[in-house]
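The following note sets out points for a colleague who wishes to examine the coordinates directly. The points move from individual elements to the chain as a whole.

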Amino acid sequence: MSYFKHHAFICCNQRDGGENCCNNFGADTLHKYAKERIAELGLKGKGGIRFNKAGCLGRCDEGPVLVVYPEEVWYTFVDKADIDEIIKEHLIGGRVVERLRI
Ligand code: FES
C-alpha cells in the first residue's frame, strides 16, 4: 500500500540560454497552483494526493510534463484548467484524461 493514493511529479526544470524546458511554460507556477488546490480540497497527506516538483524527467520536447504514480500516466498541460481537469478526473475520479495524455 503506497503512502499517497496518487503521487504526481511536475517537471519544473529551468535551463539557461533559451533551451527547451518545462519551466519555460510556467511549470513552477502551475506546480504551486496544483499544491494549493489539493490543500483546498482537503486531499493532502497520507492516503491523499501529493504534487512534487521534479527536475528534468527526460521528455522535454513534450513539455511541460507531469507523471502520476502509481499508474505511471504522463500528461502535458498548458494552464490551470488542465491541472484542474487532471485533479478532478484522474486523481479524484480515477479516469485518465486522454486528451492531455502523452
Ligand atoms: S525539462 Fe521538463 S522533462 Fe526535461
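**Notes on the predicted model**

1. S1 and S3 are paired in the antiparallel sense, with 4 bridges between them. Within this pairing, His7 stands opposite Tyr69 of S3. The coordinates come from a predicted model, and the points below should be read accordingly.

2. S3 also pairs with strand S4 (residues 73–76), again in the antiparallel sense and over 4 bridges. Val67 has Trp74 of S4 as its bridge partner. S3 and S4 form a hairpin in which 3 residues lie between the two strands.

3. The turn of this hairpin deserves a check of its backbone geometry. Glu72, in the loop between S3 and S4, has a phi near 60°, which is positive although the residue is not glycine. Most residues other than glycine have a negative phi, and most peptide bonds are trans. Is Glu72 buried or exposed? Glu72 has 7 other C-beta atoms within 10 Å and is therefore exposed, the cut-off for that class being 12 or fewer.

4. One joins Gly63 and Pro64, with omega of about 5°; Pro64 belongs to the loop between S2 and S3. The other runs from Tyr69 to Pro70, with omega near 15°, and Pro70 is found in the loop between S3 and S4.

5. Helix H1 covers residues 27–40, 14 residues in total. From its first C-alpha to its last H1 reaches 20 Å, close to the 20 Å expected at 1.5 Å a residue. Gly42, with a positive phi near 70°, follows H1.

6. Which residues of H1 are buried? They are Ala27, Leu30, His31, Ala34 and Ile38. Viewed down the axis of H1, these buried residues fall within an arc of 110°, so they line one face of the helix. The face turned away from the buried side carries the exposed residues Thr29, Glu36 and Glu40. The cover over the buried residues of H1 includes strand S1 (6–11), strand S2 (49–54) and helix H2 (80–92).

7. The largest nonpolar core comprises 20 residues, and those with the most contacts inside it are Ile10, Cys11 and Leu66. At least two residues of this core come from each of S1, H1, S2, strand S3 (65–69) and H2. In soluble globular proteins, nonpolar side chains tend to be buried together.

8. Beyond its neighbours within four places in sequence, the contacts of Cys11 include Cys22, Ala27, Ala54, Cys56 and Leu57. Gly63, Pro64, Val65 and Leu66 are also in contact with Cys11. Two of these residues, Gly63 and Pro64, are the pair joined by a cis peptide bond, while Ala27 is one of the buried residues of H1.

9. Taken over the whole protein chain, the secondary structure comes to 2 helices and 4 strands, in the sequence order β-α-β-β-β-α. The C-alpha trace spans about 40 × 25 × 25 Å along its principal axes. A compact globule of 102 residues would have a radius of gyration near 13 Å, and the protein chain agrees with this because its own value is 13 Å.

10. Of the 102 residues, 26% count as buried. Among contacts between residues at least 6 apart in sequence, 56% join residues at least 24 apart.

Technical notes:
Residues numbered from 1 in each chain as written. Predicted model: local features only at pLDDT ≥ 70, side-chain atom pairs only at ≥ 80, totals over all residues. Rg over C-alpha atoms; globule rule 2.2 N^0.38 Å. Contact = placed C-beta atoms within 7 Å. Expected span 1.5 Å × (residues − 1). Arc of directions from axis to C-beta. Core = buried A, V, L, I, M, F, W, Y, C linked by C-beta atoms within 7 Å. Pairing = 2+ DSSP bridges.
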